[in-house]
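Visitor: I am new to this structure. Please show me how to read a few of its features.

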Amino acid sequence: MADVNTASAAFLATIPSPDQGVWHIGPVPIRAYALCIIAGIIVAIWLGERRWVNRGGTKGTVIDVAVFAVPFGLVGGRLYHVITDNQLYFGEGKNPLNALKIWDGGLGIWGAIALGAVGALIACRRRGIPLPAMADALAPGIVIAQAIGRLGNYFNQELYGAHTDLPWGLEIYQRYNPTNPDDFLNGVALGHVPLPDSPVHPTFLYELIWNLGVALLIIWADKKFRLGHGRVFALYVAGYTAGRFWIEMMRTDTANHILGLRVNVWTSILLFVAAIVYFVLAAKRGPREAPETLWSKDVPREDDASPARPSAEETHADVAAAPDTVRDSAADKATEDPKPDPEK
């Protein structure tokens, strides 16, 4: 009985993993990872739209930009993952077609940002608005979307660290898929049989919390210092990569290395330096973009309408307030002999 109580106490002191990450409604699979990605995109668009309008931009512009940026970003994110973890899809015994199965997880944020920016640039040029200003409006929503996406890693039992005895250690279980014994991702944990290293550091949770902190930081800094010209986005990149550096060092999943460090560690270092340099240099461009520069060129502004003709009373008041020379000229014209009427 003592052993059972000890085991129960140990279980309650850790974070259990979900039994599965995929559910089926008939033949249709419902994947937690995909739902988290979709939820993150929705939140990013909603928050980005609010920030864009508050900065003086046209309502609905962020949705138009998302139509281009989201598909580009998904393709870019998958390309980055496949390139940096190519051993998972290519080589002896591997099926290259699995590289297309984005629903099984695997998106690289920097590929998503890079190609997503290309899509956003296309949309911004069509609207006649500056991309850096749009990036500033979207930055907090992007990092919050990343936090939401990390919940998908929780359901997939992936992106965790080494064994730990800390109270917030993550329990990871063996999952079984009767149709494909090697497909653990689509399996179900039966009996909660722990994997050998369980419990482990929940690095996905560390990054989730860090990302929310970065979102709060850049929203505060933007409001406090009225950042513009892409500086909010640069601050997001610097803040995110600073956290990603140490979190990436804790992860134990398979990854390619360069000079003894994981590829994403090097990426974080380089992007952190680039973001800081840009943040400093962009300050020389002056204050935040003027609101009128954020208005879409194909949407008429209310103040662009032709002014109404002044009334007689307004004209009289204008003449009365005019300089003496103007009033004298008006008086002279009023006393001039009228032109003869040809009909008389």
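Visitor: Is His 229 buried or exposed?

Guide: Buried means under 20% relative accessible area, exposed over 50%, and partly exposed in between, with a 1.4 Å probe and protein chains only. His 229 has a relative accessible area of 10%, so it is buried. Its place is in the loop between helix 6 and helix 7 (231-250); helices (H or I, at least four residues) and strands (E, at least two) are DSSP runs, numbered from the N terminus.

Visitor: What should I know about the source of these values?

Guide: This is a predicted model, in which local features need pLDDT of at least 70 and side-chain atom pairs count only at pLDDT 80 or more, while totals for chains, interfaces and linings use all residues. Residues are numbered from 1 along each chain as its sequence is written, and side-chain values use heavy atoms, leaving out hydrogens and water.

Visitor: How do I read backbone angles?

Guide: Most residues other than glycine have a negative phi, and most peptide bonds are trans. His 229 has a positive phi of about 60° although it is not a glycine. His 192 also has a positive phi, near 55°. His 192 is in strand 4 and is partly exposed, with a relative accessible area of 37%. A cis peptide bond, with omega about 0°, joins Ser 198 and Pro 199. Pro 199 is in the loop between strand 4 (188-194) and helix 6.

Visitor: How do helix 2 and helix 5 pack?

Guide: Axes are lines fitted to C-alpha atoms, for helices over the stretch in contact, and angles run from 0 to 180 degrees between N-to-C directions. Helix 2 (residues 32-54) and helix 5 (residues 131-156) pack at about 160°, with their axes 7 Å apart. The two helices are therefore roughly antiparallel, a label for angles over 145 degrees. By class, their contact has 21 nonpolar, 7 polar and 2 charged residues. Ala, Val, Leu, Ile, Met, Phe, Trp, Tyr, Cys and Pro count as nonpolar, Asp, Glu, Lys and Arg as charged, and the others, Gly among them, as polar.

Visitor: How many aromatic pairs are found in the whole structure?

Guide: Rings of Phe, Tyr and Trp (its six-membered ring) pair if their centres lie within 6.5 Å; planes under 30 degrees apart count as stacked, over 60 as edge-to-face and the rest as tilted. The search finds 9 aromatic pairs. One of them, Trp 23 with Phe 155, is edge-to-face, at 6.0 Å centre to centre and 70° between the planes. Trp 23 is in strand 1 (residues 22-25) and Phe 155 in helix 5, 132 residues apart.

Methods
Parallel < 35°, antiparallel > 145°, perpendicular 65-115°, else oblique.
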